[in-house]
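Subject: Structure handover

Hello,

Here is the structure that I am passing on to you. My notes on what was found in it follow below.

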Amino acid sequence: MKVLVATGRKQGARPSDIMDGIEGELVYLVDPCPTSRRFPYGPCDCGITFRGCFSEGVTTTAMVRDIDDVTLADYAAALDTTHNARVNGGCTCGFDARAHARRLLAIAAPLRDGIVVERCVDRVRVRR
Ligand SMILES: [Zn+2]
């Protein structure tokens, strides 16, 4: 199953590039704040970054990796654990980890293993 993982590859193509996650960790997308939605390359990078499931570090580049052992349930469990840890005992009822995992898998599915992608708000595209 193809998933998105943090990568330092193709970093430096944009001045806004950042990679402080762990190479190879699963990543997810946070909903951009209003500021980043209006100005993706502005003061807040939440609309152009992927967030690491383990480190919670961010990266502007992610790689498609075809990992046999990862299932939808695994991906959802990782996201659920990450999300629950972040909200630290607060409300978790609004977060659907399985739906988010499905969204990420749908992004990765048509792309070739090893392709590097970047994000701009709600779009993920191949980085040239
Ligand atoms: Zn933001």
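**Salt bridges**

Arg14, Asp17, Glu118, Arg125 and Arg127 are joined in a network of salt bridges (a salt bridge is a side-chain nitrogen of Lys or Arg within 4 Å of a carboxyl oxygen of Asp or Glu). Before going further, please note that this is a predicted model, in which local features need pLDDT of at least 70 and side-chain atom pairs count only at pLDDT 80 or more, while totals for chains, interfaces and linings use all residues. Residues are numbered from 1 along each chain as its sequence is written, and side-chain values use heavy atoms, with hydrogens and water left out.

A search of the whole structure gives seven salt bridges. In general, side chains of opposite charge can pair when their charged atoms come close.

One of the bridges is between glutamate 118 and arginine 14, at 2.9 Å from N to O. Glutamate 118 is in strand β6 and arginine 14 is in the loop between β1 (2-6) and β2, so this pair ties together parts that are 104 residues apart in sequence. Helices (H or I, at least four residues) and strands (E, at least two) are DSSP runs, numbered from the N terminus. Glutamate 118 counts as buried because its relative accessibility is 6%, whereas arginine 14, with a relative accessible area of 29%, is partly exposed. The cut-offs are as follows: buried means under 20% relative accessible area, exposed means over 50%, and partly exposed is in between (1.4 Å probe, protein chains only).

Aspartate 17 and arginine 127 form another bridge, with their closest N and O atoms 2.8 Å apart. Aspartate 17 lies in the loop between β1 and β2 and arginine 127 in the segment after β7, so the pair ties together parts that are 110 residues apart in sequence. Both aspartate 17 and arginine 127 are buried.

A further bridge joins aspartate 113 to arginine 65, at 3.6 Å from N to O. This pair links distant parts of the chain, with aspartate 113 in the loop between α3 (97-108) and β6 and arginine 65 in strand β5, 48 residues apart. Aspartate 113 is partly exposed at 39% relative accessibility, and arginine 65 is partly exposed at 35%.

**Zinc site**

Which residues hold the protein donors of the zinc ion? They are Cys33, Cys44 and Cys46, each through SG, lying 2.2 Å from the ion. Donors here are N, O and S atoms within 2.8 Å of the metal (3.2 Å for Na, K and Ca); water is not among the atoms, so sites may look incomplete. The spacing of the donor residues in sequence is C-x10-C-x1-C. Cysteine 44 is partly exposed, at 28% relative accessibility, while cysteine 46 is buried, at 8%.

**Charged patch**

Asp66, Asp68, Asp69 and Asp74 form a patch of negative charge on the surface. Patches are made of residues with over 30% relative accessible area and no salt bridge, with like charges joined within 9 Å and nonpolar side chains (Val, Leu, Ile, Met, Phe, Trp, Tyr) within 5 Å. Aspartate 69 sits in the loop between β5 (62-66) and α2 (72-87), and its relative accessibility of 67% is why it counts as exposed.

**Backbone angles**

Most residues other than glycine have a negative phi. Glutamate 56, although not a glycine, has a positive phi of about 65 degrees; its place is in the loop between β3 (50-52) and β4 (58-59). Valine 121 is not a glycine either, and its phi is positive at about 55 degrees. Valine 121 is in the loop between β6 (116-120) and β7 (123-126) and is buried, at 9% relative accessibility.

**Distances along and across the chain**

Valine 27 lies in strand β2 (residues 27-28) and is buried, with a relative accessible area of 0%. Its C-alpha atom is 5.1 Å from that of arginine 51, 24 residues apart along the chain.

Alanine 13 is in the loop between β1 and β2 and counts as exposed, at 56% relative accessibility. Alanine 13 and arginine 128 are 115 residues apart in sequence, and their C-alpha atoms are 9.0 Å apart in space.

Threonine 82 belongs to helix α2 and is buried, at 6% relative accessibility. Between the C-alpha atoms of threonine 82 and aspartate 45 there are 20 Å, with 37 residues separating the two along the chain.

Regards

Definitions and conventions:
Accessible areas come from the Shrake-Rupley method with a 1.4 Å probe; for residues, only the protein chains shown count as cover. Lys and Arg count as positive and Asp and Glu as negative; His and the chain ends are not counted. The place of a charge is taken as NZ of Lys, CZ of Arg, CG of Asp or CD of Glu.
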